[in-house]
Amino acid sequence: QVQLAESGGGLVQPEESLRLSCSVSGLDFEQYAGAWIRQAPGKEREIVAAISKNAGFTYYGNFVKGRFTISRDNARNTVDLQMNGLKAEDTAVYFCAADSGMEMSDWRQYDYWGQGTQVTVSS
């Protein structure tokens, strides 16, 4: 059974940081790209960041602007998202996802998803 389990969400103030972590089990994670995808209330899902199978390539949504960093550890089957300089507009449910295909930047292509973790940025 494939499982992606996110952790690390919470409530923070603007300009603070959070680190999200995703633990993947039930599949050969080295054969999958990993991504963080978010959905804010009333808005469509969007890719936050994605990382290729061997971490040689990363993709970030335009709104990230150097604030976030995605990383993965294939030995531990994890993919993390370090978020710095958080803004109120970053408030959303953040999902971890895995993709066996080539279209890392299209959230619709992802095969497996976690349940999501809430990130709220508010003063």
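How many bridges join strand S4 to S5? In this predicted model, local features need pLDDT of at least 70 and side-chain atom pairs count only at pLDDT 80 or more, while totals for chains, interfaces and linings use all residues. Residues are numbered from 1 along each chain as its sequence is written, and side-chain values use heavy atoms, with hydrogens and water left out.

View 1. Five bridges join S4 (residues 33-39) to S5, and the two run antiparallel; strands are DSSP runs (E, at least two residues) numbered from the N terminus, and two of them pair if DSSP finds at least two bridges between them. Ala35 stands opposite Ala50 in S5, and in the hairpin of these strands, with six residues between them, Gly42 takes a positive phi near 75°. S5 also pairs with S6 (residues 58-60) in the antiparallel sense over three bridges, where Ile51 stands opposite Thr58.

**View 2. The largest nonpolar core.** This core, a set of buried Ala, Val, Leu, Ile, Met, Phe, Trp, Tyr and Cys residues joined through side-chain atoms within 4.5 Å, has 27 residues, and those with the most contacts inside it include Trp36, Val48 and Tyr94. Buried means under 20% relative accessible area, exposed over 50% and partly exposed in between (1.4 Å probe, protein chains only); five of the six residues of S5 are buried.

**View 3. Gly116 in the loop between S10 and S11.** Gly116 lies in the loop between strand S10 (112-113) and S11 and counts as partly exposed because its relative accessibility is 26%. Leaving aside neighbours within four places in sequence, Gly116 is in contact (heavy atoms within 4.5 Å) with Glu6, Val93, Tyr94 and Phe95.

Notes: Helix = DSSP H or I, 4+ residues; strand = E, 2+ residues; numbered from the N terminus.
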